[in-house]
Amino acid sequence: MIYINAFIICGIICAIGQIILENTNFTPGHLNTLLVIIGAVISFFGLYEILIDWGGAGATIPITNFGHLLFKGSYEGFQNGGFTGLIKGIFTLGQVGVTISIIMAFLVAVCTKPKH
Amino acid sequence: MKLEEYKKIVDKNSSKEDKFKNVFISFIIGGIMGVLCQAFCTFLNKEIGIKLEDASMYTTIMLIVVSSIFTGLGFFDKVVSFAKCGLIVPTTGFAHAMTSAAMDHKSEGIIKGIGSNMFKLAGSIIIYGIIIAFFLALIKGVI
């Protein structure tokens with residue numbers, strides 16, 4: 001059952017992205033930025049956890065999850081240690097994707113020759 | 001020729017892609033990505049015994065690694081031109097933006113090329129994510 005939920009939720013997020021892309025002159029960079037902001041706002045209202053419980057990996061794969069992780073990390077930090085905790089905690093959950101992306105991008109760029 | 005007439009001719013001759021078809025394709029591809037990742041996540045959780053949160057973390061890592069390597073091999077762009085948002089919206093798009101930016105500027109050297117251009121496309125995602133998350137967390141925490 002969770003597979004169907006994952007299909008639906010990931011598909012809907014991708015379809016929303018495509019609709020935005022079709023009807024505006026956004027580039028994919030704009031779109032991803034917008035989706036991260038939307039993810040953070042959904043997480044602000046406490047709804048993203050429900051989406052993850054319902055849709056599993058379907059909700060953690062899209063880029064909206066990055067906004068959710070940033071918000072969740074900073075909010076949990078705020079609850080534990082006030083303003084200091086917020087600054088310390090903002091990257092605790094979201095850093096995984098960024099770290100791996102940087103390492104992989106560097107390795108791939110060093111190891112390949114771009115075609116021209 | 002006046003500008004308006006020219007615009008009319010351009011509109012008539014520019015190729016119109018079927019919007020509904022694109023949305024449908026990205027829905028299907030995105031859904032398949034979700035199912036595959038859910039299967040991988042369940043496999044890690046049930047068969048190997050990793051915690052659920054860590055399993056979804058490793059799923060994201062797997063996606064990033066695979067899409068970076070595909071970008072390096074050079075056929076990710078062709079797949080994206082077919083799959084549209086089905087591959088842009090998942091984390092694959094983020095990894096692809098970083099890897100392709102790093103590859104494009106490789107000829108300028110390791111520091112000034114790869115180092116300073118890696119976040120050229122993907123930097124806005126991180127920057128605005130942090131700004132929004134910071135202020136929203138501050139607002140929610142204070143309230």
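How many residues does the contact take from chain B and from chain A? In this predicted model, chain B gives 61 residues and chain A gives 63 residues.

The size of an interface is often given as the accessible area lost when the parts come together. Here the area buried between chain B and chain A is about 5,300 Å², and carbon and sulfur atoms give 80% of that area. Between the two chains there are zero salt bridges. Polar contacts do occur: 10 residue pairs are counted between chain B and chain A, with both residues at pLDDT 80 or more.

Next, consider which parts of chain B touch chain A. The elements that give two or more residues to this side are helices H2 (19-48), H3 (52-73), H5 (85-88), H6 (91-104), H7 (110-117) and H8 (123-142) of chain B. Of these, H8(B) gives the most, with 16 residues. Sorted by class, the side of chain B that touches chain A holds 38 nonpolar residues, 19 polar residues and four charged residues.

B:Ile50 sits in the loop between H2 and H3 of chain B. Is B:Ile50 buried or partly exposed? Its relative accessibility is 22%, and the cut-off for buried is under 20%, so B:Ile50 counts as partly exposed. Apart from neighbours within four places in sequence, B:Ile50 is in contact with B:Leu44, B:Asn45, B:Ala55 and B:Tyr58. B:Ser124 is 74 residues from B:Ile50 along the chain, and the C-alpha atoms of these two residues are 33 Å apart.

Notes:
Residues numbered from 1 in each chain as written. Chains lettered and ligands numbered in written order. Predicted model: local features only at pLDDT ≥ 70, side-chain atom pairs only at ≥ 80, totals over all residues. Heavy atoms only, no water. Contact = heavy atoms within 4.5 Å. Buried area = accessible area lost by both parts, 1.4 Å probe. Salt bridge = Lys/Arg side-chain N within 4 Å of Asp/Glu carboxyl O. Polar contact = N/O pair within 3.5 Å; in protein donor to acceptor, adjacent residues only side chain to side chain. Helix = DSSP H or I, 4+ residues; strand = E, 2+ residues; numbered from the N terminus. Nonpolar A, V, L, I, M, F, W, Y, C, P; charged D, E, K, R; others polar. Buried < 20%, exposed > 50% of the residue type's maximum accessible area, 1.4 Å probe, protein only.
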